[in-house]
Amino acid sequence: MKTLIHQTAVIHPNAELHPTVQVGAYAVIGGHVKVGPETTIGAHAVLEGPLEIGARNQIFPGAVIGMEPQDRKYDGEFSWVKIGDDNRIREYVTINRATGTGKETRIGNGNLLMAYVHVGHNSVIEDNVTISNSVAIAGHVHIESRSVISGVLGIHQFVHIGTLAMVGGMSRIERDVPPYMLVEGNPSRVRSLNLVGLKRAGFSTDEFQILKKAFRILYRSEMVFKESLEQLELLGDTQQLQHLRRFLLLSQMPGRRGLIPGKGKAVVSDES
């Protein structure tokens, strides 16, 4: 099994690598790093701990995972990056540890992070998310499952992006992106439902129609936030509507960034 580790790789004696892990030339793996079965680590990749990586991940050449956060508040405390299974982390991706003792930056399962993506401290990327090239994700960002983030854009700290959302390339994302919506622009705006993403996710005709009605209430009516929520409740109690209403309410809580507005409409909030 030694043939799976290139002779030029530098691996700390305290690192825990499953016997099936492959390590490329000149990769560097520090202490407090644990890597699960069938994961491949490309040439010149750098893994520093505390870091846990699950099974069947592909880490491409030049990726740097687990370095200290780029955060002035960080003071050397013990914090983590935790990565699940079946992720593809492409060339020169950087993923920083969290700020705060015992805190973590977390990547779930089945995600694709394309080249030059940066994931800041304390961020969470759930499952089956696609993030295109040269996306800069600040600290404390939360991206829900099955979202698609197009290339060459920045996401402000503490922003939340909802499930099955689509973010267009070169956008400036400084507020929360609601689930199921397509957002793009600078300043960014909610343009429509993420129709392609919803179709690929297998939404039924009835589910489509309900979300279309929700979109019109939120972004094509003159209702203020409270009235919009009341109208959403009248549409029914589907899982998608429950999640959308919960996301909208939480976006108004202290510490959150608020919601990206719709095209030609003020911010969806109590002040609109």
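1. Strand β26 and strand β27 (residues 188-193) pair in the antiparallel sense over five bridges. Strands here are DSSP E runs of at least two residues, helices are H or I runs of at least four, and both are numbered from the N terminus. Two strands pair if DSSP finds at least two bridges between them.

2. Before going on: this is a predicted model, where local features need pLDDT of at least 70, side-chain atom pairs count only at pLDDT 80 or more, and totals for chains, interfaces and linings use all residues. Numbering runs from 1 along each chain as its sequence is written, and side-chain values use heavy atoms, leaving out hydrogens and water.

3. Glycine 185 has serine 188 in β27 as its bridge partner.

4. β26 (residues 181-185) also pairs with β24 (residues 166-167), in the parallel sense and over two bridges. There, leucine 182 in β26 sits opposite methionine 166.

5. Now for α3 (residues 225-234): Phe225, Ser228, Leu229 and Leu232 are buried, that is, under 20% relative accessible area with a 1.4 Å probe and protein chains only. They lie on the same side of α3 because they cover an arc of only 100° around the axis, taken from the directions from the helix axis to the C-beta atoms.

6. Lys226, Glu233 and Leu234, on the other side of α3, are exposed (over 50%; partly exposed is in between).

7. Cover for the buried residues of α3 includes α2 (205-219) and α4 (239-250), with contact meaning heavy atoms within 4.5 Å. Just after α3, glycine 236 has a positive phi of about 135°.
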